[in-house]
Amino acid sequence: MSGKLVRTALAAVLVSGGAQAATIHYADSETVSTPLALTEDTTISVASGKTVVYDAAATVSGDFTLTKAGAGELVFLGDNSALGALVISEGYLVASNGLALGSSPVTITGQTDGYTGPCGLKLWGVGKDNPDVITYPNAINVTGNTTATY
């Protein structure tokens with residue numbers, strides 16, 4: 001059984017896929033304004049060369065693992081609530097502030113399972129064009145063939 005994503009402009013997104021973890025795939029760049037409630041481990045995949053922005057209204061909640069996959073870039077602008085874990089396996093995850101990452105440790109696995117492209121975490125302060133120091137209260141773990149720059 002595979003996951004399903006149902007989204008409307010008026011309702012929050014509820015991800016539910018049954019026996020296996022759900023996957024949300026973005027083939028094109030997009031701005032998302034709908035909250036995302038995780039009810040199971042979920043992967044968000046962004047295609048190479050694309051950027052998906054979860055704006056301040058599109059908060060992510062739920063105590064399940066969220067994995068960032070795909071060579072594209074995923075941007076979180078809102079203050080997300082607790083996540084079971086946050087894993088970056090491919091591409092970049094961009095956080096506008098420490099609260100954008102939820103309250104669990106972030107693990108950057110990078111270049112595993114045959115993926116050899118870029119992989120990492122980008123932290124913005126006030127905004128992309130006005131970087132500032134931000135505080136993230138939890139651990140950032142780097143494993144695999146990944147370079148951490150800060």
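Select Gly62: at 19% relative accessibility it counts as buried, where buried means under 20% relative accessible area, exposed over 50% and partly exposed in between (1.4 Å probe, protein chains only). This is a predicted model, in which local features need pLDDT of at least 70, side-chain atom pairs count only at pLDDT 80 or more, and totals for chains, interfaces and linings use all residues. Residues are numbered from 1 along each chain as its sequence is written, and side-chain values use heavy atoms, with hydrogens and water left out.

**Stop 1: Gly62**

Stay on Gly62. It sits in the loop between strand 7 (60-61) and strand 8. Helices (H or I, at least four residues) and strands (E, at least two) are DSSP runs, numbered from the N terminus.

**Stop 2: Gly72**

Move to the loop between strand 8 (65-69) and strand 9 (73-76), where Gly72 is found. Gly72 has 3% relative accessibility, so it counts as buried. Show its contacts (heavy atoms within 4.5 Å). Not counting residues up to four places away in sequence, Gly72 touches Val46, Ala47, Ser48, Gly49, Lys50, Gly91 and Tyr92. Then pick Asp28. It is 44 residues from Gly72 in sequence, and 9.5 Å away C-alpha to C-alpha.

**Stop 3: Tyr92**

Lys122 lies over the ring face, 4.4 Å from the ring centre of Tyr92. A charge sits over a ring if NZ of Lys or CZ of Arg is within 6 Å of the ring centre and within 35 degrees of the ring normal.

**Stop 4: the aromatic cluster**

Select Tyr26, Tyr54 and Phe76, which ring pairs link into a cluster. Rings of Phe, Tyr and Trp (its six-membered ring) pair if their centres lie within 6.5 Å; planes under 30 degrees apart count as stacked, over 60 as edge-to-face and the rest as tilted. The structure holds two such pairs. Tyr26 and Tyr54 are edge-to-face, at 6.4 Å centre to centre and 90° between the planes. Tyr26 is in strand 2 (residues 22-26) and Tyr54 in strand 6 (residues 51-54), 28 residues apart. Tyr54 and Phe76 are also edge-to-face, at 5.6 Å and 85°. Phe76 is in strand 9, so this pair ties together parts 22 residues apart in sequence. Phe76 is buried at 1% relative accessibility. Tyr54 is buried too, at 2%.

**Stop 5: around Tyr54**

Keep Tyr54. Leaving aside neighbours within four places in sequence, its contacts include Val32, Leu36, Ile44, Val60 and Leu74. Of the 25 residues in the largest nonpolar core, Ile44 and Tyr54 touch the most other members. Such a core is a set of buried Ala, Val, Leu, Ile, Met, Phe, Trp, Tyr and Cys residues joined through side-chain atoms within 4.5 Å.
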